[in-house]
Amino acid sequence: MNSIHDLGGMEGFGPILREADEPVFHAGWERRMFALAAAAAYAVGFGDDHIRREIERVPALDYLESSYYELWYRGIASLLEERGLLGPGRAQGLTPAVAAADVERVWGGGFSTRLPEVRVQPRFETGDRVRARNLHPHGHTRLPRYARGKRGLVQADHGVFSFADSMARGDGPEPQHVYTVMFAARELWGADAPAADKLYLDLWEAYLEPAAEAGR
Amino acid sequence: MACSGRFLDSFESRMFDLADGSGTLSTKLAGIVGESNREIGMASGSQGSGHGGADHAHDAEERGMALKVKALEQLLVEKGVVDRAALDRLVDLYERQVGPRNGARVVARAWTDPAYRMRLLADATPAIAELGYGGSQGENMVVVENTAAVHNLVVCTLCSCYPWPVLGLPPVWYKSPPYRSRAVKDPRGVLAEFGMTLPTETEIRVWDSSAEIRYLVLPRRPAGSEGLDEAALAALVTRDGMIGVAPV
């Protein structure tokens, strides 16, 4: 979705404002929102793809005016609404609420989207010249606008992962390889960029085509 | 920052109208408005001033976030979706336990143990797990090493991706538009804002961690640190150094 969250390469947002001795949370409700989002996602089965999809749907002006955990609230509340969990009655068919004693084990184990048991033949290998496809999906995607149509070099193959775009649509994992692709700064930003500078971006196979195919 | 009425007008009213009767979010919200006023006053008083994070949090409170989150918590507890003690534990885990001191230990180990450094650069996730760190937002880690010729910088342009097990939760500036927008196009300008000017011959590598890999920068060991042990070295390492916006 070409919404305001896709910020890479934009200008006009002013200086980077740093806070000395910044606390982890700025208010009590931020603590609770962080924990609520994590625990609700566990019980209901939301992935990051779902939450990010909802946050990306926030209108641009609201997105820029909202604090980070305010966006989390909107994302989580919207997902809970979608699942019918904000009305009366006890929730049915969910994973039981995580217990305090299990928190460290569960979050310490993580929620990897890597699918090590799934075998999918990679289309590309390290050193291949590729081009990021010129895709503009209406839903969630991890292909930033600044990379679309640009040529790069496959730097690493990280193995098979579930595909964020299809997970966010509710269409299942569509397992595929994720590659780190290296782009020359000049390919992305033009001749004024320093010649040696590089940008590395992790891209699912569906975002990529062989560089030779470009333009067909 | 302007206070936005749109937030409540559009989204909340639609959500609160979903269902009436007891046990809905709107009922919860109405029920706790009175009892929460004092608490909100206290939270506002604790804010700093003059920076994005605190300002934003203050605006958010004016938009009623404390009440809304409290209502959501109460509703989800009653529905059995979340457990209050587990929420307390999650806050404690990420506010007090998981943080950049973890990453600093990884860096110091890499500086003092060449074999560990090799394992860390070859396959970071198990190497980091050797020190007891791993899990959510660090399931698939890559460590990138600064050298005399190369400087690395990490950003997430689309969101706020950040290696929680080694750095904790990200600072507000990392999640905010100024950094996310400019780090990819003008990394040298961004670094200058952080007080770092690199020679033009230094190659800058920007890692936009918007997908499933999380990155940690291994800074260069500072000159003059030869006599220091691992713990003393770890004390030199900063969060910003491991994001790539500071030398160490």
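Which helix of chain B holds Ala86(B)? The views below, taken from a predicted model, begin with this residue.

**View 1. Ala86(B) in helix α5 of chain B.** The helix spans residues 84–97, and Ala86(B) lies within it. Ala86(B) has 0% relative accessibility, so it counts as buried.

**View 2. Ala86(B) and Val142(B).** These two residues are 56 residues apart along the chain. Their C-alpha atoms are separated by 30 Å.

**View 3. The largest nonpolar core.** This core has 135 residues. Met33(A), Leu72(B) and Tyr179(B) touch the most other members. Helix α1 of chain A, residues 28–44, supplies the largest share of the core, with twelve residues.

**View 4. Surroundings of Leu72(B).** Neighbours within four places in sequence are left out here. From chain A, Leu72(B) is in contact with Met33(A), Leu36(A), Tyr73(A), Ile76(A), Leu80(A) and Leu86(A). From chain B, Leu72(B) contacts Leu25(B). Both Leu72(B) and its contact Met33(A) are among the core residues that touch the most other members.

**View 5. Helix α4 of chain A.** The helix covers residues 68–82, 15 residues in total. From its first C-alpha to its last, α4(A) reaches 21 Å, close to the 21 Å expected at 1.5 Å a residue. The helix is mostly covered, with 13 of its 15 residues buried. Just after α4(A) comes Gly84(A), which takes a positive phi of about 70°.

Technical notes:
Residues are numbered from 1 along each chain as its sequence is written. Chains are lettered from A and ligands numbered from 1 in the order in which they are written. This is a predicted model: local features need pLDDT of at least 70, side-chain atom pairs count only at pLDDT 80 or more; totals for chains, interfaces and linings use all residues. Side-chain values use heavy atoms; hydrogens and water are left out. A nonpolar core is a set of buried Ala, Val, Leu, Ile, Met, Phe, Trp, Tyr and Cys residues joined through side-chain atoms within 4.5 Å. Buried means under 20% relative accessible area, exposed over 50%, partly exposed in between (1.4 Å probe, protein chains only). Helices (H or I, at least four residues) and strands (E, at least two) are DSSP runs, numbered from the N terminus. Contact means heavy atoms within 4.5 Å. The expected span of a helix is 1.5 Å times one less than its number of residues.
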